[in-house]
Amino acid sequence: RLPTLCGFKLVTSWPCPACGMTRSWIHLAHGHPGAALAQSPLGALLFLATAGSILYLVLRSIGGMPAVRVDLSSRQSLALRLGVVLGIAANWLYIGLSGVG
């Protein structure tokens, strides 16, 4: 087992909201989606979002895909921000209760 490098965990002894995300990405990169989800559901989701963004940027750079523009109303923007905060909180709760962090 490697030593803890997370400053939050070293100070509080609690896992931080991002604990396990790197391991989750490694599991997905090696083709183990179940292990990635078990390690950090939010990490697995971020990996997929990042992979999709990279694919979009590659396709866009070679000229085969139009630009995507998303316009949100202030209410939709607030709902999106609240969803992100709740997602991070839910992931943190999962990490703390499951003991993977």
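Tutor: What follows is a set of questions on a predicted model.

Student: Let's begin with Leu 57. Why is Leu 57 called exposed?
Tutor: Its relative accessible area is 54%, and exposed means over 50%, so Leu 57 counts as exposed. You will find Leu 57 in helix α4, residues 41–61.

Student: On to helix α2, residues 21–29. Which residues of α2 are buried?
Tutor: Met 21, Ser 24 and Leu 28 are buried there, the cut-off being under 20% relative accessible area.

Student: How do you know that the buried residues of α2 line one face of the helix?
Tutor: Looking down the axis of α2, you see them fall within an arc of 55 degrees, so they line one face.

Student: What covers the buried residues of α2?
Tutor: The cover includes α3 (33–39), α4 and α5 (74–98). On the face turned away from the buried side, α2 carries the exposed residues Thr 22 and Ala 29. Just after α2 comes Gly 31, with a positive phi of about 85 degrees.

Student: Now the rings. How many aromatic pairs does the structure hold?
Tutor: It holds 2 aromatic pairs. In one of them, Phe 8 pairs with Trp 92.

Student: What makes the pair of Phe 8 and Trp 92 edge-to-face?
Tutor: The centres are 5.9 Å apart, and pairing asks for centres within 6.5 Å. The planes stand at 70 degrees, and over 60 counts as edge-to-face. Phe 8 sits in helix α1 (residues 7–12) and Trp 92 in helix α5, so this pair ties together parts 84 residues apart in sequence.

Student: Why is Phe 8 called partly exposed?
Tutor: Its relative accessible area is 33%, which falls between the 20% cut-off for buried and the 50% cut-off for exposed. Trp 92, at 31%, is partly exposed too.

Student: Why is the pair of Trp 25 and Phe 47 called edge-to-face?
Tutor: Their ring centres are 5.3 Å apart and their planes are at 90 degrees, so the pair is edge-to-face. This pair links distant parts of the chain, with Trp 25 in helix α2 and Phe 47 in helix α4, 22 residues apart.

Student: And Phe 47, why does Phe 47 count as partly exposed?
Tutor: Phe 47 has 21% relative accessibility, and buried would need under 20%, so Phe 47 counts as partly exposed. Trp 25 is partly exposed as well, at 31%.

Methods: Residues are numbered from 1 along each chain as its sequence is written. This is a predicted model: local features need pLDDT of at least 70, side-chain atom pairs count only at pLDDT 80 or more; totals for chains, interfaces and linings use all residues. Side-chain values use heavy atoms; hydrogens and water are left out. Helices (H or I, at least four residues) and strands (E, at least two) are DSSP runs, numbered from the N terminus. Buried means under 20% relative accessible area, exposed over 50%, partly exposed in between (1.4 Å probe, protein chains only). The arc is that of the directions from the helix axis to the C-beta atoms. Contact means heavy atoms within 4.5 Å. Rings of Phe, Tyr and Trp (its six-membered ring) pair if their centres lie within 6.5 Å; planes under 30 degrees apart count as stacked, over 60 as edge-to-face and the rest as tilted.
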